[in-house]
Amino acid sequence: MTSHLTSHTAAATPRRRTVVKAAAATAALTPLAAALGATPASAASAGPAFLHGVASGDPLPDGVLLWTRVTPVPEAVPGSGLGPAVPVAWEVAEDRAFARVVASGTVTATAAADHTVKADVRGLAPQTAYFYRFTAGSAVSAVGRTLTAPRHDARTDRVRFGVASCSNWESGYFSAYRHLAARADLHAVLHLGDYVYEYGSGAYPEAKYTVRPHEPRHETTTLADYRIRHGRYKTDADLQALHAAHPVIAIWDDHEIANDAWAGGAENHTPGTEGDWAARAAAAKQAYFEWMPVRPSTAGTVYRRLRFGSLADLHLLDLRSFRSQPVKVGSGAVDDPERTITGRAQLDWLKAGLASSDAAWKLVGTSVMISPLAFGSLPAHLLAPLAKLLGLPQGGIAISTDQWDGYTDDRKELLAHLKDRNIRNTVFLTGDIHMAFANDVPVNMATYPGSGTAATEFVVTSVTSDNIDDLLHVPAHTASLAAETAIRAANWHVKWLDMDSHGYGVLDVTAERSQMDYYVVSDKRRQDARASWTRSYRTRSGSQKVERAWSPVH
């Protein structure tokens, strides 16, 4: 009922310059964290200690994956490779007092897995809340609460997810996580990537705008570096509270590895001075699986599928491990059918899963936006011949080729599959871009709205990572106002966007509709930031279109 990951010897890490995307101190304990028994990280005593919280993830009808990290001796800090093996017991109970324990076991935590612990617990009841904890010697962890999924054939009235993305430690505090943790109505929290960032301290944002420093201070390139960075994140009390309150379903994007990563490299990787790319990517992924409550899937990646009764299938994508090298903005190579963002096997897996799904809704977790986002749009009768003549992208000049816009053949194949097979109620859930969107997904950008729509997409903004006004250091609704106007003018399928805010989403799914409620935090630079509802959009069953909803779901 456990899984262990092996490690490699960590080498010294050189520091390098980093190039930030132009497109776009631990917090105080909350009442919820205290109620769950969470404690902030502190210096370990002579005996074992649980300094990084507890977590659960990937809920199934009969089980869930549990996680923690034990510090067996004070010097066994994350990434050190030090410390003895220590047995860690885990318990799952129906009550917070653990009077009714329903499952238990023991895992040996070792330096080979950075003293992280995973227990893949089975034999639980469907759609049931449980409490769990870990013990090592006299040390007892925080108490976490988790929730199993409904039976695959259960007629479920609703399912509700928190949705988050892009949480850069140096850019602000994780108050968005605190507000998600405080909600008692979520089945799980979906994290759509950029859970950690690889940059060195002061690279993004600049040092003078940094709210709190990274650890390690240099860019992460080795296994030890990535372990230290994950460990730093999990000292945050708001992040600990989130994990202790809800199961988390996570996928990675690029910053868990390196900016604008692809199968053979990354923008933020220099071979020679930063070592072999394959070794760096393997180290980053190993640390990710050690430190996250995620089950490794096909070929050690994160693409996988979870089901929530007959209401929703959740298809989770890995859009970094198999993608082709990016091309420059404005290059017609984005339409090259030999280039891919998913890889052949993953795209076939997704198409087959969507076609065979009998769930009312097909939710797709994608780390980058699938909706086209272009400027320089022209009427279809002018765009097509001009694009062909000049070697430009057929759908207009994309703003970012890091998104599906840079791999249009995969997108064309997937959307044609949805249309040709009459697959209804597909909703893409997206992060990455540090903005919030509500989009129709056109079958053909060049002829929209005549082409119709194949799906809809809800994009959530960042937890803390900088948006355009942050990057320019100007007040909100200044530079972004002109950009929003230009984007809406050139992209009719974009029904709403918010380029200024930071926060999270709450997706509520019923048989009749899927609705995303967007919440923003008052100030990402304040630990005590408030959260407030700002907008809601929904997709009615069978419509393939988004429309505004005038209040959040309660």
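Histidine 246 counts as buried, because its relative accessibility is 1%, under the 20% limit that the term requires. In this predicted model, histidine 246 is placed in the loop that joins H4 to E11.

Leaving out residues up to four places away in sequence, histidine 246 touches Ser56, Arg145, Leu180, Ala181, Arg183, Leu186 and Val189. Glycine 144 is 102 residues away from histidine 246 along the chain, yet the C-alpha atoms of the two residues are separated by 8.0 Å.

Aspartate 253 is found in the loop between strand E11 (248-250) and strand E12 (261-262). The residue is buried, with a relative accessible area of 0%.

The side chain of aspartate 253 forms a polar contact with the side chain of serine 367, at 3.0 Å. Serine 367 is also one of the residues in contact with aspartate 253 once neighbours within four places in sequence are set aside; the others are Gly193, Asp194, Arg320, Val368 and Asp432.

## Helix H3 and its cover

Helix H3 spans residues 223-233 and is mostly covered, with 9 of its 11 residues buried. The buried residues are Leu223, Ala224, Asp225, Tyr226, Arg227, Arg229, His230, Gly231 and Tyr233. Their cover includes helix H4 (237-245) and helix H5 (277-291).

The packing of H3 against H5 can be described in more detail. The two helices meet at an angle of about 35°, and their axes are 8 Å apart. The crossing of H3 past H5 is right-handed. On the H3 side, the contact involves Leu223, Tyr226, Arg227, His230 and Gly231. On the H5 side, it involves Arg280, Ala283, Ala284, Gln286, Ala287, Tyr288, Glu290 and Trp291. By class, the residues of this contact divide into 7 nonpolar, 3 polar and 3 charged.

## Helices H6 and H8

A further helix pair is formed by H6 (residues 344-356) and H8 (residues 408-420), which pack at an angle of about 15° with their axes 10 Å apart. H6 is therefore roughly parallel to H8, since angles under 35 degrees fall in that class. H6 passes H8 in a right-handed crossing.

H6 contributes Arg344, Leu347, Leu350, Lys351, Leu354 and Ala355 to the contact, and H8 contributes Asp410, Glu413, Leu414, His417 and Leu418. The contact of H6 with H8 comprises 6 nonpolar, 1 polar and 4 charged residues. The spacing of contact residues along a helix can be read against a general rule. An α-helix has 3.6 residues a turn, so residues three or four places apart point the same way.

Most residues other than glycine have a negative phi, and most peptide bonds are trans. Several places in this model depart from these patterns, as set out below.

Histidine 115 has a phi near 60°, a positive value in a residue other than glycine. This histidine lies in the loop between strand E4 (101-109) and strand E5 (116-121), and histidine 115 is buried, with a relative accessible area of 1%. Cysteine 166 likewise has a positive phi, of about 65°, although it is not a glycine. Cysteine 166 belongs to the loop between strand E9 (158-164) and helix H2 (175-181) and counts as buried, at 0% relative accessibility.

The peptide bond from tyrosine 204 to proline 205 is cis, with omega near 0°. The bond from glutamate 215 to proline 216 is also cis, with omega near -5°. Proline 205 is located in the loop between strand E10 (188-191) and H3, and proline 216 is likewise found in the loop between E10 and H3.

## Phenylalanine 50

Phenylalanine 50 occupies the loop between helix H1 (31-36) and strand E1 (54-60). This phenylalanine is buried, with a relative accessible area of 10%. The C-alpha atoms of phenylalanine 50 and proline 72 are separated by 8.7 Å, while the two residues are 22 residues apart along the chain.

Conventions:
Residues are numbered from 1 along each chain as its sequence is written. This is a predicted model: local features need pLDDT of at least 70, side-chain atom pairs count only at pLDDT 80 or more; totals for chains, interfaces and linings use all residues. Side-chain values use heavy atoms; hydrogens and water are left out. Axes are lines fitted to C-alpha atoms, for helices over the stretch in contact, and angles run from 0 to 180 degrees between N-to-C directions. Helices (H or I, at least four residues) and strands (E, at least two) are DSSP runs, numbered from the N terminus. Angles under 35 degrees count as roughly parallel, over 145 as roughly antiparallel, 65 to 115 as roughly perpendicular and the rest as oblique. A crossing is left-handed if the near helix is turned anticlockwise from the far one by less than a right angle, and right-handed if clockwise. Contact means heavy atoms within 4.5 Å. Ala, Val, Leu, Ile, Met, Phe, Trp, Tyr, Cys and Pro count as nonpolar, Asp, Glu, Lys and Arg as charged, and the others, Gly among them, as polar. Buried means under 20% relative accessible area, exposed over 50%, partly exposed in between (1.4 Å probe, protein chains only). A polar contact is a pair of N or O atoms within 3.5 Å; within protein, one must be able to donate a hydrogen and the other to accept it, and residues adjacent in sequence count only if both atoms are side-chain atoms.
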